[in-house]
Amino acid sequence: MVLIVYGFPNAISALRFEWAWQNPNLSRRLKDSLPVRKSRETSFDYRLRVLALMLCSGPWNRLGLTIHWIKQSYARNLSENLVPPLHMPIAFGPIDSNCSETPSTKTASFGLCQICNIPFSVDSSIPLTCPSSCPLGQWHLLCLANYMTQAETVPDRLEISYLIPLSASCPACFNAELLWPSLIKSWKMKTIASKHSCSSTSL
């Protein structure tokens, strides 16, 4: 194995991506824009060009994916015209399945959602928060998702709408750039930490 792509929201999404990558001529999302294979191009290099196209095409270009080169000696620069979106990092090196992030067990109290002005209940999920830690930057997940998708809608083309948000300015401070994949990753870590804190006991 040389390269993997991970960060899909679920297994079905990952399998669909894999199928399209293996069968680009049959994929309805790729077949009309598929690059022509060059005469002396290896299958490996052509697959990388197809991957670059997929990462820049919908719906995959809106996912929080990571491109990971397991064997760096095989690493290639992706097509100059099809550079992966900025929110998709490129990693190198072997994957350590035993290595995982340790979530902080620090607890916090939350007040009102800055968008709907409804308090966070004890039983509700931990809010999403502004990466710049602005005082009012905390929201319910659905509230912020709706705000970000509306912020991305093109005014003169109302038919353009997205189920998964990608980026928007913080609605509290208007300075921080919110990236949905990063927000969700941070939110998941805080949720794990909260559950760990609630389930732990001390003597």
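This is a predicted model: local features need pLDDT of at least 70, side-chain atom pairs count only at pLDDT 80 or more; totals for chains, interfaces and linings use all residues.
Asn 117 sits in the loop between strand 3 and strand 4, the latter being residues 128-129. Its phi is near 60°, a positive value in a residue other than glycine.

There is a second case of that kind. Phe 174 has phi near 60°, again positive in a residue other than glycine. Phe 174 is in the loop between strand 6, residues 167-169, and strand 7, residues 177-179. At 57% relative accessibility, Phe 174 counts as exposed.

The bond joining Gly 58 and Pro 59 is cis, with omega about 5°. Pro 59 belongs to the loop between helix 2 and strand 2.

Now the overall layout. The protein chain has four helices and seven strands. Starting at the N terminus, the order is β-α-α-β-β-β-β-α-β-β-α. The chain has 203 residues, and 34% of them are buried.

Next, helix 2, residues 43-55.

Which residues of helix 2 are buried? They are Tyr 46, Leu 48, Arg 49, Val 50, Leu 51, Ala 52, Leu 53, Met 54 and Leu 55. The cover over these buried residues includes strand 1 (3-6), helix 1 (11-22) and strand 2 (66-69).

Arg 49 is the charged entry in that discussion, and it has a partner. The side chains of Arg 49 and Glu 41 meet in a salt bridge, at 2.8 Å from N to O. Side chains of opposite charge can pair when their charged atoms come close. How many salt bridges does a search of the whole structure find? It finds one. Glu 41 counts as buried, because its relative accessibility is 13%, and Arg 49 is among the buried residues of helix 2.

On to the nonpolar cores. The largest has 21 residues, and those with the most contacts inside it are Leu 3, Phe 17, Leu 51 and Met 54. Strand 1, helix 1, helix 2 and strand 2 each supply at least two residues of this core. Helix 2 gives the largest share of this core, seven residues.

Which residues does Phe 17 contact, leaving aside its neighbours within four places in sequence? They are Val 5, Phe 8, Leu 51, Met 54, Leu 55 and Trp 60. Apart from this core lies another, of 19 residues, with Ile 126, Cys 143, Ala 168 and Cys 170 among them.

Then the strands. Strand 1 and strand 2 run antiparallel and are joined by four bridges. Val 5, which is also in contact with Phe 17, stands opposite Ile 67 in strand 2. On its other pairing, strand 2 goes with strand 3, residues 90-92, in the parallel sense over three bridges. There, His 68 has Ala 91 of strand 3 as its bridge partner.

In a regular strand the side chains alternate between the two faces of the sheet. For strand 2, are the faces covered or open? Both are covered: Thr 66 and His 68 on one side, and Ile 67 and Trp 69 on the other, are all buried.

Ile 184 lies in helix 4, residues 180-199. Ile 184 counts as buried, because its relative accessibility of 17% is under the 20% cut-off. Ile 184 and Leu 141 are 43 residues apart in sequence, and their C-alpha atoms are 8.9 Å apart in space.

To recap: one salt bridge in the whole structure, a largest nonpolar core of 21 residues with its largest share from helix 2, and a cis bond between Gly 58 and Pro 59. That is what I have for today.

Conventions. Residues are numbered from 1 along each chain as its sequence is written. Side-chain values use heavy atoms; hydrogens and water are left out. Buried means under 20% relative accessible area, exposed over 50%, partly exposed in between (1.4 Å probe, protein chains only). A salt bridge is a side-chain nitrogen of Lys or Arg within 4 Å of a carboxyl oxygen of Asp or Glu. Contact means heavy atoms within 4.5 Å. A nonpolar core is a set of buried Ala, Val, Leu, Ile, Met, Phe, Trp, Tyr and Cys residues joined through side-chain atoms within 4.5 Å. Two strands pair if DSSP finds at least two bridges between them.
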